[in-house]
Amino acid sequence: MRGRRLLVVVILIIAAAVIVFFRTYDGKPGPLPSVDDIITELNEYDSEADAAVVLDQVKLTEQQVFIPFVSNQGIHGMGFLTWEKRKWSVVRVDMSERPEVRVTDHSDPAGRYIVWNNNPLEKLQEFRFYLIRDRNAGMSSGIYYYVPRVQMETLVNVTEHPYGAMPYPEEWAGIMREDNKLGKVPASNIMDKIFSHTYSQPSSMYVGYLPVYANGAPGLGSSSKSGGEDTEYLMIMNEKDLENPQK
Amino acid sequence: MQLDWHYSWNVVDAAAGLLGWLVVLGLVIFQRQKQETRRPIWKILLVTLAGFFSLSFKIPLFGQIVNIALLPLGLWIAYLLLRKRSWTDYRKFAWIGFAANYVLLVTTLLAGPIYGSLFDRNDPSTYLAHLEKAKLVAIHPSAGEATFEKKLFSSTLAEVKASDMAGTLDWYRESLLEDGTQYQQERFPYALVGAEARWGSGLHASAYLEADGKGLLLATKDRYYYYRSEEPMLRMEVRE
């Protein structure tokens, strides 16, 4: 009697494991859907997408694809496909016509991509992307500290590349990894904070951009973006946010 | 799967913890042999583990932060659950579990001086021991052309002297104020990324180099270190 009951339990556990496995198993990425199917799926995901022309299919990773497209109204949108649970599905559509950061790997800064799909009506010449960390200094708990400023630049010629995906430069990833390593302070409670003077990094890094327009072209009006866990925003910067050392 | 690929672990602490738990395990086995009614070992270990949980607080002692166990919470819970049944057989194991807090306290206190004799926190080469993967990155537009040469860096690193950091706010102001001598220039425009600390130290520092190539700033979790060298630590290109 007891043996039989045990057998039933074991079979149930195995069955449950198989079901869970097949419901969450991603499998090997298959071929991308046809352009027409991609358009249908983009429009199903977001009714505002109204996609008409797919400009390209840019592979970010084996499982993630960036789809720059143009809508019937001429808006230049960005769509993202992910291979999940054995099929390609749309996970994000953005119609703001502003660049953003796509995170393909949360554990490594090198898994971040700046993506853009620029509308030629904007007469944009160039994107200047910046990795910034503010300078900081002072004394905390009797310990002097100084955090050097980080200001690293990468330029993208928008006339030549009206849309694209650019991974963070290796140098950005290198300095970001260094910062992350320091940020991993062991979990602490209130008592710890009273007795130990753990000094925590007071400033953090961010990525921003400065759009450069052709002579006489007007700047953009404002537009808003809605988020997602795999999306990070780019700050719009001004010339005066940047340091410009004179030699 | 998020593997902590850059986690450098502290070998001395790990060994001290292992030693402590081996002592506790020895005490448990010794006590079990002594008792007449021998309960199953997994239940005994469970009660011991329960006894380990306690209300504790941390104080700095001999330059370390140590955990002092105060109230045997786990032991009380075990007592409430077992008092009507087999508490007499398990009582001693719960107390061994509580005592484990103090066994670990002793091994931690022993580990401190051993760690100190193996690793010098004030020596920059502790943090920059492995330079095979190290790369120099210009982090600011004011950085001039400079190249990192492992040989040159290592030999100058051995000669650096700890320097005063009391002027950090002045450094900050010089870069920020329009009439500052370093206006919009970064004092430390280079970062050395990918260097690794001595194996087993569990330490990590971000390293920055000064504009003249002669200063080294290390940022660690607990504090900053600043060193100056007589000679440039990088191969500096001469500016026009």
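The model is a predicted one. Chain A has 247 residues, of which 27% count as buried, and its secondary structure comes to four helices and 15 strands. For chain B, the UniProt record, in an unreviewed entry, places the feature "transmembrane region" at residues 6-29, 41-59, 65-82 and 94-115. The two chains touch each other, with 37 residues of chain B and 31 residues of chain A taking part in the contact.

**Chain A: overall picture**

- When contacts in chain A between residues at least 6 apart in sequence are considered, 59% of them join residues that are at least 24 apart.
- The domain assignment divides chain A into domain 1, which covers residues 23-95, and domain 2, which covers residues 98-247.

**Chain A: strand β3 and its partners**

- Strand β3 of chain A, residues 64-71, has eight residues, and because six of them are buried, the strand is largely enclosed by the rest of the structure.
- Strand β1 of chain A, residues 51-54, pairs with β3(A) in the antiparallel sense over three bridges, and within β3(A) the residue that stands opposite A:Ala51 is A:Ser71.
- Strand β2 of chain A, residues 58-61, is likewise an antiparallel partner of β3(A), over three bridges; here A:Lys59 stands opposite A:Val65 of β3(A), and a hairpin of two residues joins β2(A) to β3(A).
- Strand β4 of chain A, residues 76-84, runs antiparallel to β3(A) and is joined to it by seven bridges, with A:Gly77 in β4(A) as the bridge partner of A:Phe69.
- The hairpin formed by β3(A) and β4(A) has four residues between the strands, and A:Gly74 in its turn has a positive phi of about 85°.

**Chain A: a four-stranded sheet**

- An open sheet of chain A is formed by four strands in the order β12-β7-β6-β14, with antiparallel pairing.
- The edges of this sheet are β12, residues 163-167, and β14, residues 231-232, each of which pairs on one side only.
- Inside that order, strand β6 of chain A, residues 100-103, and strand β7 of chain A, residues 112-117, pair in the antiparallel sense over four bridges, and A:Val101 stands opposite A:Ile114 in β7(A).

**Chain A: where the two domains touch**

- With domain 1 at residues 23-95 and domain 2 at residues 98-247 of chain A, the contact takes 14 residues from domain 1 and 13 residues from domain 2.

**Chain B: helices and transmembrane spans**

- Helix α1 of chain B, residues 11-34, has 24 residues that at 1.5 Å a residue should span 34 Å, and its end C-alpha atoms are 35 Å apart, which agrees.
- The buried residues of α1(B) are B:Val12, B:Ala16, B:Gly20, B:Val24 and B:Val28, and they pack against α2, residues 41-52, and α4, residues 87-118, of chain B.
- Among the spans that UniProt annotates as "transmembrane region" in chain B is 41-59, which is 63% helix and 26% strand and has end C-alpha atoms 34 Å apart.
- Another of these annotated spans is 94-115 of chain B, which is 100% helix and 0% strand and has end C-alpha atoms 31 Å apart.

**Chain B: a six-stranded sheet**

- Six strands of chain B form an open sheet in the order β3-β6-β7-β8-β9-β5, with antiparallel pairing.
- At its edges stand β3 and β5 (161-162) of chain B, and each has a single partner strand, so one side of each is left without a neighbour in the sheet.
- Within the sheet, β6(B) and β7(B) run antiparallel and are joined by three bridges, with B:Leu192 standing opposite B:Ala207 in β7(B).

**Contact between chains A and B**

- The contact takes 37 residues from chain B and 31 residues from chain A, and on the chain B side β1 (55-61), β3 (135-138), α7 (168-176), β6 (190-193), β7 (206-209) and β8 (215-219) each supply at least two residues.
- The element that gives the most to this side of chain B is α7(B), with five residues.
- By class, the side of chain B that touches chain A has 19 nonpolar, eleven polar and seven charged residues.

Terms used: Residues numbered from 1 in each chain as written. Chains lettered and ligands numbered in written order. Predicted model: local features only at pLDDT ≥ 70, side-chain atom pairs only at ≥ 80, totals over all residues. UniProt positions renumbered as here; feature names shortened; annotations may be inferred. Buried ≥ 20, exposed ≤ 12 C-beta atoms within 10 Å, placed from the backbone. Pairing = 2+ DSSP bridges. Expected span 1.5 Å × (residues − 1). Contact = placed C-beta atoms within 7 Å. Domains from an automatic or database assignment. Nonpolar A, V, L, I, M, F, W, Y, C, P; charged D, E, K, R; others polar.
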